[in-house]
Amino acid sequence: MLQLKMLVLFFMVVSSVFRCSATADQRDFTDAFYYGVLPDSFTWGVSTAAYQIEGAWNEDGKSEHIWDRFCHEGGHVDRNHTGDVACDSYHKWRDDITILKELGVKHYRFSLSWSRIVPDPTTGVVNQAGVDFYLNLITAVKQAGIEPLVTLFHWDLPQILEDNGSWGNETIIQQYKHYADVAFSHFGHLVKYWLTFNEPWVVTWQGYGIGDYAPGIKQPATLPYLYAHNIIKCHAQAWHLYDTTYRARFNGMVSITLNTDFFAPKNSSKPEDVEAAERAAQFSVGWFAHPIYVDGDYPQVMKDYVQRNSNTIDGSSRLPKFTVSEKLFIKGTFDYFGLNHYSTSLCEPADAAYQASVPKGYLGDMEVKLTRDPKWRKAASSYLYYVPWGMRGILNFIRTHYNNTPVIVTENGVTDHNGTLHDSFRIDYLRSYMNELIKAVLIDKCNVIGYTVWSIMDNFEWARGYTEKFGLYYVDFDNPQRPRVAKQSAMFYKGVIADRGFPDPGIIGFEKQFRMLRLKMLILLSIVVSSVFPCAASDDKRNFTEGFYFGVMPENFTWGVSTAAFQIEGAWNEDGKSESIWDRFSHEGGHIALNQTADVSCDSYHKWRDDITILKELGVKHYRFSLSWSRIVPDPTTGEVNQAGVNFYLNLITALKEAGIEPMVTLFHWDLPQILEDNGSWGNETIIQQYKHYADVAFSHFGYWVKYWLTFNEPWVVTWSGYGIGEYAPGIKQPATLPYLYAHTIIKCHAQAWHLYDTTYRPRFNGMVSITLNTDFFAPKNSSKPEDVEAAERAAQFSVGWFAHPIYVDGDYPQVMKDYVQRNTNSTDGSSRLPKFTDSEKLFIKGTFDYFGLNHYSTSLCEPADAAYQASVPKGYLGDMEVKLTRDPKWQKSSSSYLYYVPWGMRGILNFIRTNYNNTPVIVTENGVTDRNGTLLDFFRIQYIRAYINELTKAALIDNCNVIGYTVWSIMDNFEWTSGYTQKFGLYYVDFDNPQRPRVAKQSGTWYKGVIADHGFPDPMFPPKDDLRRTT
């Protein structure tokens, strides 16, 4: 059981197999999560660079460098950000030591600023203030038990050298050697690991080829090759200097760090793609690695292709040549291999169109078309895609091409835009890449001796300024103190370092297993909310933000998934079905994203057997779906039943029962027959008997098999979104009157259906009938302010109470709602826009429930509305409640504008129901989260659903909320109303471009299956002995 849970919990199963062409033995680099720990000698670290964190750009004798100039010119960096202050590590380096110690790293990689140590390299005068700064830093790092890994050059060339000919002036070789000598002599007794250059590929190509980076020069045909040539010579000089002068005294190691993708053939069965991948690798990492790690010269394929693309009369090449003595001097100038790896590229021979699209020079010379798989998950950085198996691939490339040289991964990490503390995507990325590294070491015998996360903290990310963030620690760049705050990824990485990788939970001791899993659940799932917020709507002020809770639900608890007819069925005008308001709304155009329709959708009208298959795969206990009124009673004004529609649902329902799955049937899920809309909609009270007739048809035909019924889905959305603001069908905008009027009728319809079942069908079928209501949890913005607490209660009564109070309390609207609508009606006779129930109607409505159907997704913060807010909302419902609704900007947002990740709101709303509605049995009938790409590796969905279910578990087992079921929205990606197919909720992916509409399980589906099987989250301290090693 535990092994399975760790596999799923850490999101490691990759669904597609990609065979790597760059290794001799064709290992498969996409297999599942691998448990293993690395030796004690393996070094774990984090990294930074001088210009990205130090600030103090012109203090204490430091001279200007090319990135200072590039930023100050303006127009090169996002928002014209600069590194003038950055993280202010020049003054706050002690804070950096503190967080390094918190993490427990073994090494800290950072760079020296040439401009700070030797401000004018043409004179060679040493700046003692710069030396002292780095000596203090290095000494403190050593005293903390951390090894410094020092980079001599990380892109910040002194401007005086740029003005003096840059890397094209060979005097720079001796000037660089002098700078290296200063560093080795002053710091060598404290530094074990040195790197001469960081990513010379970036320096030469992006700085002097395409000009995206400092100094912004665009000469792609010549300068990258020329400048790389001299950088390699500089590297060799520094290495030999250390080897001859300092190695005997200090016994350190000197190398260079190279950045590279893993280059994989687009089609591994095509020899030309395999060859293209090899060529791309040689043009990238081989450009620098082949001279240093092989024979002192460039790769032969690079020499051949540059020469043939130089098009010179004399056959010369734009790629410079090393002399024989230079080759001998360069060859072997390494002690390890420094690797910066982030992503993977797919390779095929470049066609003419691709060649014409790339700059003449380096990219054109290699004649390789580089692409990404559109299914790969993308980070905030344009170049960075989530492809974990590429880590294993590139390490095996180094193993086979460079004699299995010891490797330190000197950078690996991922960006986001917001710097969120709950950086689950970063945890997932790092875990996956580290796990591929572990496979490379323990399975493939790659000689990897260290790993380094980029970066310890958010910093100045070059041309992206502060808009992209890599850090394990958040830095507030608007705060002069630049505080460093640990993200969830920092706590995760701290645990990995302590464990030296990923110990097998099936063989470690129970005590450590319990401690480790509990810690990792707390950290990895982003469950711990950093601020404590007591629920104002509960009598006992429970704290709804505590950590992860292990617990299982009783056997009779029902787990399910949900859909709705219009969203999945398609067949919009087949077999007698009439037009619904959503058919009309989507066909009119201009209402739905990309003008998409649900005319086919998931085609479940024809493929319902496929739906049964995936439901059985999941192991759900119930399946919530809706009936189409237009399909069963196409013309409600005549009441004639469409037998084809009845037969469709009868086949579906009986198949569900045969599969051991309880149907949970919603009578109305927003798709009103258009003929009723044209006949006065919910404002024509004849609809009440028409709805009752429709319910009668459903109960009589399907009641034998159906235990759970829901009369309406989310009447709040029907009335407010459809007839108030008009965003949903039928698109009517009368916010002051129609929502209240139509809700009034809907409540009467519900009561009629409930009483019909209660008197006519309950004795025969013994089912349960209720309504499902959508609601946020409404929390006071400041729980110490009585006015905010009151505003939260008022918002809840205007939202869920609008429908729940009549049904679950006394047959009438909440008193606060009646009061506020009346006072905002501004009528001379004291009347209200909120209709009134008669006494007999109240008696008829009160108690028309058997359980409470709850759709919950997110939380809103509440305070009294000020005049500006009141003026900004439509007159009517939103203005009547006089509550300003906001979200905490720190909350993680989904792709849906209304849906924020606030797990503790689930516990809050369940306690609200417990205290306000007599602890009525609750079935959560919808809960889920959207993305835009429908990725199979839907880690955020797993995080969201896990966290929300866990809060439900707390509400049930700690708070004694009477929760009897939970339902994920949705079983599969579908037509998401006005968002069309641009937002996806599914546990299963549906390819809407494929006429067959195949359903493919996402990782969230696999994960949820495990939760159902375990009835929640069993305490790992007490697993059944025979389940301890379950792996399937």
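In this predicted model, pLDDT stays under 50 over residues 1021-1032. For that stretch the model has 25 contacts beyond four places in sequence. Over the chain, pLDDT averages 91. A score of at least 70 is reached by 91% of the residues.

A closed barrel of eight strands is found in the chain. Its order is β2-β3-β4-β5-β6-β8-β13-β14, and the pairing is parallel. From one strand to the next, the twist averages 25°. Strands of a sheet pair through backbone hydrogen bonds, either parallel or antiparallel.

Strand β13 spans residues 407-411 and pairs with β8, residues 337-340. Four bridges link these two strands in the parallel sense. Phenylalanine 337 stands opposite valine 407 of β13. Glycine 338 faces isoleucine 408, also in β13. Strand β13 is joined to β14 as well, through three bridges. Those two strands run parallel. Valine 409 has tyrosine 451 of β14 as its bridge partner. Five of the five residues of β13 are buried, so this strand is largely enclosed by the rest of the structure.

Helix α11, residues 271-295, lies across β6 and β8. Strand β6 covers residues 253-259, and α11 runs at about 160° to it. Helix α17 takes up residues 424-442. This helix lies across β2 (43-47), β13 and β14 (448-454). Its direction is at about 170° to β14.

Helix α22 (residues 604-618) packs against helix α24 (residues 643-658). The angle between them is about 10°, and their axes are 10 Å apart. Because angles under 35 degrees count as roughly parallel, α22 is roughly parallel to α24. On the α22 side, the contact is made by Ser604, Tyr605, Trp608, Ile612 and Leu615. Helix α24 contributes Ala644, Phe648, Asn651, Leu652, Ala655 and Leu656. Nine residues of this contact are nonpolar and two are polar. No charged residue takes part in the contact of α22 with α24.

Two cis peptide bonds are described next. One joins alanine 214 and proline 215, with omega of about 5°. Proline 215 is placed in the loop between α9 (200-208) and α10 (223-250). Another cis bond joins tryptophan 454 and serine 455, where omega is about 10°. Serine 455 belongs to the loop between β14 and β15 (473-475).

Positive phi values also occur at residues other than glycine. Glutamate 714 has a positive phi of about 50° although it is not a glycine. Its place is the loop between β22 (708-713) and α27 (715-723). The relative accessible area of glutamate 714 is 6%. Because buried means under 20% relative accessible area, glutamate 714 counts as buried. Histidine 1015 has a positive phi near 60° and is likewise not a glycine. Histidine 1015 lies in the loop between α37 (1003-1014) and β34 (1016-1017). With a relative accessible area of 17%, histidine 1015 is buried.

Leucine 370 lies in strand β10, residues 368-371. At 26% relative accessibility, leucine 370 is partly exposed. Beyond four places in sequence, leucine 370 touches Phe263, Ala280, Ser345, Leu346, Cys347 and Tyr354. Leucine 370 is 13 residues from serine 357 in sequence. In space the two are 12 Å apart, C-alpha to C-alpha.

Notes. Residues numbered from 1 in each chain as written. Predicted model: local features only at pLDDT ≥ 70, side-chain atom pairs only at ≥ 80, totals over all residues. Heavy atoms only, no water. pLDDT = per-residue confidence, 0-100. Contact = heavy atoms within 4.5 Å. Pairing = 2+ DSSP bridges. Axes fitted to C-alpha atoms, helices over the stretch in contact; angles between N-to-C directions. Parallel < 35°, antiparallel > 145°, perpendicular 65-115°, else oblique. Nonpolar A, V, L, I, M, F, W, Y, C, P; charged D, E, K, R; others polar. Buried < 20%, exposed > 50% of the residue type's maximum accessible area, 1.4 Å probe, protein only.
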